Amino acid sequence: MEECRIVIWNASSDEIIRTRMEPFGFDEERHEANKNLFNETTALISANEAEHAEWKTASEAFNGAQDSAREAFSKIRQSLKFWFDASSAEAIALNLYNNKISKYTDFTQAASSFYTSLLTMEEVLDKLVPFGFTPESIEQLLDDISNLDTLRENREKESGDAQYKVKERNSKIDQLHETVAEIIRLARLIFLDDEAQYLEKLGVRVRS
């Protein structure tokens with residue numbers, strides 16, 4: 001972006017360059033518009049970086065919460081399998097041996113149903129106490145499952161915001177690059193070989 005800034009500002013501030021470009025429509029208003037374009041572009045780049053950071057934070061929050069929820073769900077089920085085999089009424093009621101739970105929606109539905117049913121089964125809850133789980137901790141895990149959807153929605157929102165900012169930023173960058181290219185293209189036409197210093201002021205490398 002610094003190269004773009006040099007071209008735009010020097011085309012406006014250098015008296016010789018400004019005077020020679022003026023007949024081609026580069027008046028004061030045009031130069032100010034180019035400066036505004038540069039400032040708008042850099043502002044969008046900063047905004048995009050901020051949006052990306054927010055998306056990353058939201059993604060890490062969701063992924064971390066989901067990993068923790070899945071780990072706790074797995075640990076509790078494994079603990080209960082120590083007490084109850086697949087044919088027991090408790091295992092059947094809790095769908096304890098259903099291992100086909102991989103998709104997010106399948107997991108949240110299965111975990112929510114599991115914890116809700118488990119909280120009504122006092123004797124089964126007692127079996128979990130030696131493993132460090134209490135009714136209160138199970139209730140917290142159920143709340144954590146409910147909160148996952150909120151975290152997921154926030155991640156999707158931040159993703160959408162970030163993608164919109166990327167499109168807006170890219171459009172502005174393209175416009176800026178076209179403007180800078182036009183200035184350089186014109187400068188190459190109006191400044192002859194013995195005036196190479198003016199091209200260099202615009203950041204154009206000139207062969208000696």
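Reader: Which residues does Val7 touch, not counting residues up to four places away in sequence?

Author: Contact means heavy atoms within 4.5 Å. By that rule, and leaving out residues up to four places away in sequence, Val7 touches Val180, Ile183, Ile184 and Leu202. Before going on, note that this is a predicted model, in which local features need pLDDT of at least 70 and side-chain atom pairs count only at pLDDT 80 or more, while totals for chains, interfaces and linings use all residues. Residues are numbered from 1 along each chain as its sequence is written, and side-chain values use heavy atoms, with hydrogens and water left out.

Reader: Where is Val7 placed, and is Val7 buried or exposed?

Author: Buried means under 20% relative accessible area, exposed means over 50%, and partly exposed is in between, with a 1.4 Å probe and protein chains only. Val7 has 2% relative accessibility, so it counts as buried. Its place is in helix α1.

Reader: Which elements does the chain have?

Author: Helices (H or I, at least four residues) and strands (E, at least two) are DSSP runs, numbered from the N terminus. This chain has eight helices and zero strands. Read from the N terminus on, the order is α-α-α-α-α-α-α-α. The radius of gyration is taken over C-alpha atoms, and the globule rule is 2.2 Å times the number of residues to the power 0.38. For this chain the radius is 32 Å, well over the 17 Å that the rule gives for 208 residues, so the chain is more spread out than a compact globule. Taken along the principal axes, the C-alpha atoms fill a box of roughly 95 × 35 × 25 Å.

Reader: How many of the contacts, as a percentage of those with a separation of 6 or more, are between residues 24 or more positions apart?

Author: Such residues account for 73% of those contacts in the chain.

Reader: What is the angle at which the axes of α3 and α7 cross?

Author: Two packed helices are described by the angle between their axes and the distance between the axes. Axes are lines fitted to C-alpha atoms, for helices over the stretch in contact, and angles run from 0 to 180 degrees between N-to-C directions. The axes of α3 (residues 28-83) and α7 (residues 135-190) cross at roughly 160° and come within 6 Å. Angles under 35 degrees count as roughly parallel, over 145 as roughly antiparallel, 65 to 115 as roughly perpendicular and the rest as oblique. The helices α3 and α7 are therefore roughly antiparallel to each other.

Reader: Which hand does the crossing of α3 and α7 have, left-handed or right-handed?

Author: A crossing is left-handed if the near helix is turned anticlockwise from the far one by less than a right angle, and right-handed if clockwise. The crossing of α3 and α7 is left-handed. For residue classes, Ala, Val, Leu, Ile, Met, Phe, Trp, Tyr, Cys and Pro count as nonpolar, Asp, Glu, Lys and Arg as charged, and the others, Gly among them, as polar. The contact of α3 with α7 has 22 nonpolar, 10 polar and 13 charged residues.

Reader: What is the crossing angle of α1 and α3?

Author: The axes of α1 (residues 2-13) and α3 cross at roughly 160° and come within 9 Å. That makes α1 roughly antiparallel to α3. Their crossing is left-handed. On the α1 side the contact includes Ile8 and Trp9, and on the α3 side His31 and Phe38 are among the residues. By class, this contact has five nonpolar, four polar and two charged residues.

Reader: How do the axes of α3 and α5 cross?

Author: The axes of α3 and α5 (residues 104-118) come within 11 Å and cross at roughly 50°. That makes α3 oblique to α5. The crossing is left-handed. Among the residues in contact are Phe62 and Phe73 of α3 and Phe107 and Phe114 of α5. The classes here are 13 nonpolar, one polar and two charged.

Reader: What is phi of Asn95?

Author: Most residues other than glycine have a negative phi, and most peptide bonds are trans. Phi of Asn95 is near 55°, a positive value in a residue other than glycine. Asn95 is in the loop between α4 (89-94) and α5. With a relative accessible area of 45%, Asn95 is partly exposed.

Reader: Which residues does Ile190 touch, again not counting residues up to four places away in sequence?

Author: Ile190 touches Arg20, Met21, Phe24 and Glu195 on that count. Ile190 lies in helix α7 and is buried, with a relative accessible area of 13%. From Ile190 to Phe82, 108 residues apart in sequence, the C-alpha to C-alpha separation is 86 Å.
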